[in-house]
Amino acid sequence: MKKKSFGNFLIVWTGQMLSGLGSGITAFALGIYVYQQTKSASSFALVTLCLFLPSVLLRPIGGVFADRFDRRLMIIIGDIGSASGIIFILATVLTGTAALWKIYIGVTVSSVFVALQSPAYKALITDLLTEEQFSRAGGMIQLASSAQHLLSPLFAGLLLSFSSIKTVLIADISTFLIAVIAVTTVSGSLKSSTDKKRNSISYDLKDGWKAITSSRGVLALILLISLISFFVGFLQTLFGPMILSFTDAKTYGFTQSVSAIGMLISSLILGIINIQKKHINILFTGLAVAGICLSLMGMSTNILFLTAVFFLFFSALPLINTSADVLVRKNIPNEQQGRAWGIIGLLSQTGFIAAYSISGFLADRVFNPLLETGGVLASTIGKITGTGEGRGIGLILIISGLCMVSVTAVTFRNKSLRSLDSSRF
């Protein structure tokens, strides 16, 4: 049996936090680079899709490997492989041929290896901690995520202001190496999680699916998060183009960094308090706040107002993510968590995939033309959202937020979801 140690968790967590920070810097910088080259929301969204889609589709396989092999080894392979995709982009930049399709290939390769790293990291946390420490660890994970949202835009803007995309890519590659070293450091104090009995991959996938579907509450939670991720996906791909339509990249980075302080504060509170009960109520509170904020973001071009609302939105994310994480972790056996997290990663994030796939088209071809000066909706809805470049995106965000609030209200009393607060193991 593995030694339960919050100290070992902190070592791994630190490495992964720095790696996530580096990845966030690269994602932010590449998004700006592509948008500046094309002035197209579709091109911006395609970068996000390439960063996200492969890791989600392949995550169930990565989950099987996380249960079959040493979970630390999977993290190491995932981090090194992800770095190779960034190295490819760096090589193309150094040769002066950074065509868009090469950037798409590089981020796709990096995303493929995230499919190995992510389920293994999720499952390793359960190896390292007791159940009483899950909530605190969840807060720490959200703290790392908030640091990524807070610092990545700031560092990316700072690096790009006096250097180039090359410096950003080199910094990202360095953080992957730090993450590998951190995981290697704790390997001596933990036994391998490799199972002696080997089944087929299809058998393990079915076993992971059985672990999920054996709990109606877990399955309902996954479906809820998947639907919510669809609405949030529009914000992730379109907020940048909307802001850049009326201001510059520096202001965009500042807005996102300041707003992410909300996520940092909320994560710190969760990490300190270590909540043991009522995670489902916290989940629904976070969903309601996030939905309201999402709608408000589409109603204005005032940068101070947008920053304040985005701040509140970020504050709600740790409530959602930590609660969902704890509820799943408490209701699925540890020995099945690798494959379960892989499948959960696919199912819960299909909403993002759908939103990323259609958001650019909807913005460029449908909603933005409707709210241009003289557009079909300019004299009606345009009185609320304003008219001109990027205002169609605002309408998309308003609709998404209202749908998110409606889904939250409909599922609030769901008995299967509420049963998850009672641990099964």
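This is a predicted model: local features need pLDDT of at least 70, side-chain atom pairs count only at pLDDT 80 or more; totals for chains, interfaces and linings use all residues.

Colleague: OK, Ser-323 to begin with. Which helix is Ser-323 found in?

Modeller: Ser-323 sits in helix α13, which covers residues 303–329.

Colleague: And does Ser-323 count as buried or exposed?

Modeller: Buried, because its relative accessibility is 2% and the cut-off for buried is under 20%.

Colleague: What is Ser-323 in contact with, leaving aside its neighbours within four places in sequence?

Modeller: With that set aside, Ser-323 touches His-279, Ile-282, Leu-283 and Pro-318. For His-279 there is also a polar detail: its backbone oxygen is 3.3 Å from a polar atom of the Ser-323 side chain.

Colleague: How far apart in space are Ser-323 and Ser-400?

Modeller: Going C-alpha to C-alpha, 22 Å separates Ser-323 from Ser-400, and in sequence they are 77 residues apart.

Colleague: Switching topic: how much space lies in the largest pocket?

Modeller: The largest pocket holds about 380 Å³. Its lining is made up of 17 residues, and those nearest the centre are Ala-156, Gly-157, Leu-158, Leu-160 and Lys-250.

Colleague: Which elements give two or more residues to that lining?

Modeller: Those are α1 (6–38), α6 (134–162) and α10 (249–259). The biggest share comes from α6, with seven residues.

Colleague: What does the lining look like by class?

Modeller: There are 12 nonpolar residues, four polar and one charged.

Colleague: Now the rings. How many aromatic pairs does a search of the whole structure find?

Modeller: It finds 11 aromatic pairs. One of them is Phe-230 with Phe-234, an edge-to-face pair with 5.1 Å from centre to centre and 80 degrees between the planes.

Colleague: Where do Phe-230 and Phe-234 lie?

Modeller: Both are in helix α9 (residues 216–244), and they are four residues apart, about one turn of the helix.

Colleague: Why is the pair of Phe-310 and Phe-314 called tilted?

Modeller: Their planes are at 40 degrees, so the pair is tilted, and the ring centres are 4.6 Å apart. Under 30 degrees would be stacked and over 60 would be edge-to-face.

Colleague: How are Phe-310 and Phe-314 placed along their helix?

Modeller: They are four residues apart in helix α13, so about one helical turn separates them. Phe-310 is buried at 5% relative accessible area, and Phe-314 is buried as well, at 3%.

Colleague: Which residues form the aromatic cluster?

Modeller: Phe-310 and Phe-314 belong to one aromatic cluster together with Phe-28, Phe-239, Tyr-252 and Phe-313.

Colleague: Last topic: Thr-237. Which helix does Thr-237 lie in?

Modeller: Thr-237 is in helix α9. It counts as buried, with a relative accessibility of 0%.

Colleague: What does the side chain of Thr-237 make a polar contact with?

Modeller: It makes one with the side chain of Ser-359, at 2.9 Å. A polar atom of the Thr-237 side chain is also 3.1 Å from the backbone oxygen of Gly-233.

Colleague: And what else is Thr-237 in contact with, leaving aside neighbours within four places in sequence?

Modeller: Besides Ser-359, that gives Phe-44, Ala-45, Thr-48 and Tyr-356.

Technical notes. Residues are numbered from 1 along each chain as its sequence is written. Side-chain values use heavy atoms; hydrogens and water are left out. Buried means under 20% relative accessible area, exposed over 50%, partly exposed in between (1.4 Å probe, protein chains only). Contact means heavy atoms within 4.5 Å. A polar contact is a pair of N or O atoms within 3.5 Å; within protein, one must be able to donate a hydrogen and the other to accept it, and residues adjacent in sequence count only if both atoms are side-chain atoms. On a 1 Å grid over the protein atoms alone, a cavity is a set of points where a 1.4 Å probe fits but cannot get out, and a pocket is an open set with protein on both sides within 12 Å along at least five of seven lines; lining residues have an atom within 4 Å of a point. Grid points are joined across faces, edges and corners, and a volume is the space filled by probe spheres set on the points. Ala, Val, Leu, Ile, Met, Phe, Trp, Tyr, Cys and Pro count as nonpolar, Asp, Glu, Lys and Arg as charged, and the others, Gly among them, as polar. Rings of Phe, Tyr and Trp (its six-membered ring) pair if their centres lie within 6.5 Å; planes under 30 degrees apart count as stacked, over 60 as edge-to-face and the rest as tilted.
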